[in-house]
Amino acid sequence: MAITPPDGRAGIDASLVRRLIAAQFPQWAGLPVVPVEADGWDNRTYRLGDDMTVRLPTAEGYVPAVEKECAWLPRLAPSLPLAVPTVLAKGAPGEGYPFPWSVRGWLDGRTSSSGRVADLPGFAVALAGFLLALQRCDTTGGPAAGPHSWYRGASPAHYDEETRRCLAVLEGRLDTGRATEVWEAALAAEWRGTPVWFHGDVASGNLLVTDGRLSAVIDFGTSGVGDPACDLVIAWTMFSGESRAAFREAVGQDDGTWARARGWALWKAMLVLSECIDTDEALAAVHRRVIDEVLADHPRGT
């Protein structure tokens, strides 16, 4: 049975959503409003009736994603091999809520996990095909990587100071010498390619599965035009062994892009680990595993 998460995070609850809908889209007033089973952090998402969702940013930093997704998802969707969110309406601040928000079509499927995927190497190949199709999309007028994408698609050097701080915090608790090598290799592999579309947050929670197969990709809030290395991080966070090999072969990319991808994976895993290492053993173990996989994947002698 699905478990409905607690309501009210970030001051957003079902009552607020009902008021916003009634005030701005009265044609949908009276439809049930229920928090989705798997909610994200940047936004709160509610199911509206049977066929729609309402998505509301939880803080000002996530607001640029609303306009970006409303403008670009309709343009990208026809060129993509999997379903992506369909934007039905854009809401305005109101009822005490200070940010724009959106109404989207409901996408069937559940968030991905190894237990829900029938063939993980096949899933990895399907995801690689989606990313390559996204990279082929027309970039004319697209949003260049920057603050709106939390610098995904830009150089990982943006997070150099933060990464060095994490290395210092974690000294003696992981192989920080090897981690420093991985990070410096990522910085040295400067990207000089033609800007392409990237998703920016390719993670299991943003990949939907239907009947054991990848069926949709959601949450384009950190998408933009730039370096696609950030989209390869899932190679270590979700894939391993045969599935990682299948993803690597299918998605291609040169050695420098993979070096930057290891840097992106290492930065995020060390950041979370440095915050939870003494307080959340289970979460720490997840990020230790990612770090170990990334360090092992880094070519020796480089």
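Residues are called buried under 20% relative accessible area, exposed over 50% and partly exposed in between, with a 1.4 Å probe and protein chains only. The structure described here is a predicted model, in which local features need pLDDT of at least 70 and side-chain atom pairs count only at pLDDT 80 or more, whereas totals for chains, interfaces and linings use all residues. Residues are numbered from 1 along each chain as its sequence is written, and side-chain values use heavy atoms, with hydrogens and water left out.

The protein chain has 9 helices and 10 strands, these being DSSP runs numbered from the N terminus (helices H or I of at least four residues, strands E of at least two). Along its principal axes the C-alpha trace spans about 65 × 40 × 35 Å. The radius of gyration, taken over C-alpha atoms, is compared with a globule rule of 2.2 Å times the number of residues to the power 0.38; for 302 residues a compact globule would have a value near 19 Å, and the 20 Å of the protein chain agrees with this. Of the 302 residues, 50% are buried. The chain exposes about 13,800 Å², of which carbon and sulfur atoms supply 53%, the areas coming from the Shrake-Rupley method with a 1.4 Å probe and, for residues, only the protein chains shown counting as cover. Where contact means heavy atoms within 4.5 Å, 71% of the contacts between residues at least 6 apart in sequence join residues at least 24 apart.

Strands of a sheet pair through backbone hydrogen bonds, either parallel or antiparallel. In this model two strands are taken to pair if DSSP finds at least two bridges between them, and an open sheet of 5 strands then has the order β1-β2-β3-β5-β4, with antiparallel pairing. Its edge strands, each of which pairs on one side only, are β1 (33-35) and β4 (87-91). The twist averages 25° from one strand to the next, where axes are lines fitted to C-alpha atoms, for helices over the stretch in contact, and angles run from 0 to 180 degrees between N-to-C directions. Within this sheet, β2 and strand β3 (residues 52-57) pair in the antiparallel sense over 6 bridges, and Arg44 stands opposite Leu56 in β3. Helix α2 (residues 64-76) packs on the sheet, touching β3, β4 and β5 (101-105), and its direction makes about 150° with that of β4.

Asn43 lies in strand β2 (residues 43-48) and is buried, with a relative accessible area of 8%. When residues up to four places away in sequence are not counted, Asn43 touches Arg9, Arg55, Leu56, Pro57 and Thr58.

A second open sheet, of 3 strands, has the order β6-β8-β9 and antiparallel pairing; its edge strands are β6 (110-111) and β9 (213-217), each pairing on one side only. Strand β8 (residues 207-210) is joined to β9 by 4 bridges, and these two strands run antiparallel. Leu208 has Ala216 of β9 as its bridge partner, while Val209 stands opposite Leu214 in β9. Helix α3 (residues 120-136) lies across β8 and β9, running at about 30° to β9.

Most residues other than glycine have a negative phi, and most peptide bonds are trans. Against this background, Asp211 takes a positive phi near 55° in the hairpin of β8 and β9, which has 2 residues between the strands, and Asp211 is exposed, with a relative accessible area of 74%. Phi is likewise positive, near 55°, at Trp150, a residue placed in the loop between α3 and α4 and partly exposed, with a relative accessible area of 34%.

In helix α4 (residues 160-169), Thr163, Cys166 and Leu167 are buried. Seen down the axis of α4, these buried residues fall within an arc of 100°, so they line one face of the helix, the arc being that of the directions from the helix axis to the C-beta atoms. They pack against α5 (176-188) and α8 (255-276), whereas the face of α4 turned away from its buried side carries the exposed residues Glu161 and Ala168.

Ile277, found in the loop between α8 and α9 (281-297), is buried, with a relative accessible area of 15%. Leaving aside neighbours within four places in sequence, Ile277 is in contact with Leu170, Arg173, Ala284 and Arg288. Ile277 and Phe25 are 252 residues apart in sequence and 46 Å apart in space, C-alpha to C-alpha.
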